[in-house]
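Open the model in your viewer and keep the selection tool ready. This tour goes stop by stop.

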Amino acid sequence: MMIQLLTYSGKENDLKGKYVAINKLHDAQSLDEFDINVIDLRDKNIWRYNGNKKNDINSVNDLKSLSDMISTRQKSKVVIIYPQNIIYLYNKTYHIGTSGYSLDKKCELKDMINDMNYILSSLYRPIINLNVFYENNRTQIFDNEISASFYFNNVPLESVLTKSLKSEKFTTIKYNSVILSTLNIISYEQLINFLHQIHLIEIKEEAPDWVKEEKMFDDAMQLQKIQENEYIIKNAKANINEANEIISRNNRYKSILYTSGDELVDVIFEILEQMLGCDLSSFHDIKKEDFNFYLDNNVFIGEIKGITSNVKSINVSQLDVHVQNYLDDHEEDKDKITSLLIIDHQRNRPLSEREPVHNIQINLAKRNGSLIVETITLLKLFEKYLDNTLTREKCIEILSINTGLLTTDNFN
């Protein structure tokens, strides 16, 4: 339950409390954001007018804006609180020889009830037809007697929500779709009790702690169910967190299907280290090959590429250049070379829309003794390693003995 209290200043601290948001009349929030909207017109500053007739107020535009909000609301309840018998000031007069001015005419609201209703009809049009009378009275709201300066007359009894003590004058009524009250509510407690009395809210007393400790009926069985299900929920949350971490790791692996540069190299290094058991932490890229490591009496030399086109011959040839540069200084390793072109080609396109690697590039790789490894194929090989379908030794063998283009046929 949320209540918006609209006042002239928006600073009525005595009315602040749980569930109550206080705003200025000028700054009203949407009425349907709240269950109940209380429009308080008791501030004397509302009842000021610069004109020379007592038929308007300076803040009438705020009332007109609220009138539109009242008529277009869908579900919220509206309560309008009448002013008390305060002094209405009007007729703005400038003082000769000074920059000051004053409102030099005044009238008690009790002596201008028809004018007061006319002004209030700017907020809620049906008010113009109401019979309102002046009479100081008191109404019992729970433990408090709340005063009022006015009461309503000649309204259907079924619309009456509160009456004054003894005299039974109508101090709160439901008038069409809006509730009107003349009560002088001065505290948060009185406001809540008033809304409870007119059945807009329900007040439930909090159970004391000692009652909660008394076990009756099937309390023990229900508490047992709560504990058991809380344990299940706790484990389920732990499982969900673990699954989310695994999915996050899997998405990192899958990033080699669309990335390039260092981001691509870092993840492929991580995959190769896990799957092959190599250590690439000490490898430094000096603008030659992207990786170079010894494993099982083999020298793995690799080029890693992320490109938007299909595999080109220059990509295959660049790998061969790296191999030849290595052999210039290590001729004794000629028969130990495993050269890999790990390539994420057509990386901006979905896998289903990518063209296959052309035979020209495959044949060139075969002539060079190298192997083109598409990143999707690398992921499938890695997947079989992780689910223990292929051993590490088999993965090393697959990469070492094949040339041309690696396909799933090579390891299925």
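A charge sits over a ring if NZ of Lys or CZ of Arg is within 6 Å of the ring centre and within 35 degrees of the ring normal. Select Lys169 and Tyr151: Lys169 lies over the face of Tyr151, 4.6 Å from the ring centre. Next, pick Lys110, which lies over the face of Tyr134 at 5.6 Å from the ring centre.

A word on the model before moving on. It is predicted: local features need pLDDT of at least 70, side-chain atom pairs count only at pLDDT 80 or more, and totals for chains, interfaces and linings use all residues. Residues are numbered from 1 along each chain as its sequence is written, and side-chain values use heavy atoms, leaving out hydrogens and water.

**Aromatic pairs**

Rings of Phe, Tyr and Trp (its six-membered ring) pair if their centres lie within 6.5 Å; planes under 30 degrees apart count as stacked, over 60 as edge-to-face and the rest as tilted. The whole structure holds 10 aromatic pairs. Select Tyr82 and Phe152: their ring centres are 5.4 Å apart and their planes stand at 85°, so this pair is edge-to-face. Helices (H or I, at least four residues) and strands (E, at least two) are DSSP runs, numbered from the N terminus. Tyr82 is in the loop between strand E5 (77-81) and strand E6 (87-94), and Phe152 is in strand E9 (residues 144-153), so the pair ties together parts 70 residues apart in sequence. Buried means under 20% relative accessible area, exposed over 50%, partly exposed in between (1.4 Å probe, protein chains only). Both Tyr82 and Phe152 are buried.

Now go to Tyr253 and Phe382. This aromatic pair is also edge-to-face, with 5.1 Å centre to centre and 85° between the planes. Tyr253 belongs to helix H5 and Phe382 to helix H9, so the pair ties together parts 129 residues apart in sequence. Tyr253 has 5% relative accessibility, so it counts as buried. Phe382, at 2%, counts as buried too.

**Helix H6**

Select residues 261-276. This is helix H6, with 16 residues, and it reaches 22 Å from first C-alpha to last. That is close to the 22 Å expected at 1.5 Å a residue, where the expected span is 1.5 Å times one less than the number of residues. Its buried residues include Leu264, Val267, Phe269 and Leu272. Their cover includes helix H5 (219-254), strand E14 (298-306) and helix H10 (392-401). Step past the end of H6 to Gly277, whose phi is positive, near 80°.

**Cores**

A nonpolar core is a set of buried Ala, Val, Leu, Ile, Met, Phe, Trp, Tyr and Cys residues joined through side-chain atoms within 4.5 Å. Which members of the largest core touch the most other members? Of its 40 residues, they are Ile39, Trp47, Leu130 and Leu180. A second, separate core of 36 residues includes Val267, Phe293, Ile342 and Leu371.

**Sheets**

Switch to the cartoon view. Two strands pair if DSSP finds at least two bridges between them. E14 and E15 pair in the parallel sense over eight bridges. Select Val299: its bridge partner in E15 is Ile337.

Last stop: an open sheet of three strands, ordered E4-E6-E7, with mixed pairing. Tyr49 has Tyr90 as its bridge partner in E6.

Key:
Contact = heavy atoms within 4.5 Å.
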